[in-house]
Amino acid sequence: MPASNLKVETRIGAKRKPRRILSIVSNTAQLKGFPVGFFAEEMTRAFLMFTEAGHHVDLASPNGGEVMFDTHSDPRTPGGAYVDDLISLGFAHHAKFSGMLKNTLAISALAVDDYDAIWVAGGGGPLLTFKDDSALHRLIAAFYESGKIVTLICHGSSLLLWTRLSNGKLLAEGKSWTGFTDEEEDEVNAAFGMKLNEYTIQSEARLIEGTRFLCRPANEPFAVRDGRLITGQQQYSSGITADLVLEALDEY
């Protein structure tokens, strides 16, 4: 008889203290002549995991108002690469949650003290909309300096290229982190038949003294936790990155 047939195992769910998490996505921008927003799964997977854990999640964007899934990542796109993303599909058709996409909170109306953690999704918009948004940079810095958990995934981690703490140093200095890699950018460029972004996170990270940009091969799930800073490489890392957030929330 196989040993697996003799194994008895039990498991119970974790009881967690309810927390408040702020999820930030990009507003819509134009990239090479077409609209881009945020990568669907990079928000929705974590949203589901956090709410199932008993936490409350608010959805915000720098300017507030309506936001959009990147067409590439939208499971409603006919023949798209992510038609099987049932979580994002459910979010888009949910009576309550779909309404959040039409009326996100503006970051100007938010108070850091109201939250325990912040999660920032990536996608096509962040390299365009986050770069010069000093108010967003200040918000990320305020979360970190207030002892909150800061989580950035994929192109959302571009914020580490610009976010400075009150002492003037980049938050990324002395930190280990990850994000969308040059190899992954090359794959996307090849798929679209053009160079989409004028700069990349990994190449810009090399210019930051003392930072440690870590990564795995393209599209391999990978996440890094450096204290209260948590980062995920790309959309395939959404689940493991959210797991790190849940663990960190249990600790703090």
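This is a predicted model: local features need pLDDT of at least 70, side-chain atom pairs count only at pLDDT 80 or more; totals for chains, interfaces and linings use all residues.

Reply: Across the whole structure, a search finds 10 aromatic pairs. In one of them, the ring centres of Phe 38 and Phe 69 lie 5.4 Å apart and the ring planes meet at 85°, so the pair is edge-to-face. The two partners come from distant parts of the chain, 31 residues apart: Phe 38 belongs to the loop between strand S3 (34–36) and helix H1 (40–52), while Phe 69 belongs to the loop between strand S4 (56–61) and helix H2 (86–93).

Another edge-to-face pair is made by Phe 47 and Phe 91, with 5.1 Å from centre to centre and 90° between the planes. This pair also links distant parts of the chain, since Phe 47 sits in helix H1 and Phe 91 in helix H2, 44 residues apart. Both Phe 47 and Phe 91 are buried, and together with Phe 97 they form one aromatic cluster.

Aromatic rings also meet charged side chains. Lys 131 lies over the face of Tyr 199, at 4.8 Å from the ring centre, and the charged end of Arg 228 sits over the ring of Tyr 144, 4.2 Å from the centre of that ring.

From the rings we can turn to the sheet. It is an open sheet of 7 strands with mixed pairing, in the order S5-S4-S1-S6-S7-S11-S10. The edges are held by strand S5 (105–106) and strand S10 (223–226), each of which has a single partner strand, so one side of each is left without a neighbour in the sheet.

Strand S1 can be followed in more detail, with S4 on one side of it in the strand order and S6 on the other. S1 and S4 run parallel and are paired over 5 bridges, with Arg 20 standing opposite His 56 in S4. S1 and S6 are likewise parallel, joined by 4 bridges, and here Leu 22 faces Ile 118 of S6 as its opposite residue. S1 is mostly covered, with 4 of its 5 residues buried.

Within S1, which spans residues 20–24, we find Ser 23. Its relative accessible area is 3%, and because buried means under 20%, Ser 23 counts as buried. Leaving aside residues up to four places away in sequence, Ser 23 touches Met 43, Val 57, Asp 58, Leu 59, Ala 60 and Trp 119.

Further along the sheet, strand S7 (residues 149–153) and strand S11 (residues 229–232) pair in the parallel sense over 4 bridges, and Ile 153 stands opposite Gly 232 in S11.

Two helices complete the picture. Helix H5 (residues 134–145) lies across S1, strand S6 (117–120), S7 and S11, and runs at about 140° to S6. Helix H8 (residues 238–251) has 14 residues and reaches 20 Å from its first C-alpha to its last, close to the 20 Å expected at 1.5 Å a residue. The buried residues of H8 include Ala 242, Val 245, Leu 246 and Leu 249, and what covers the buried residues of this helix includes S1, H1, S6, S7, S10 and S11.

Note on methods:
Residues are numbered from 1 along each chain as its sequence is written. Side-chain values use heavy atoms; hydrogens and water are left out. Rings of Phe, Tyr and Trp (its six-membered ring) pair if their centres lie within 6.5 Å; planes under 30 degrees apart count as stacked, over 60 as edge-to-face and the rest as tilted. Buried means under 20% relative accessible area, exposed over 50%, partly exposed in between (1.4 Å probe, protein chains only). A charge sits over a ring if NZ of Lys or CZ of Arg is within 6 Å of the ring centre and within 35 degrees of the ring normal. Contact means heavy atoms within 4.5 Å. Two strands pair if DSSP finds at least two bridges between them. Axes are lines fitted to C-alpha atoms, for helices over the stretch in contact, and angles run from 0 to 180 degrees between N-to-C directions. The expected span of a helix is 1.5 Å times one less than its number of residues.
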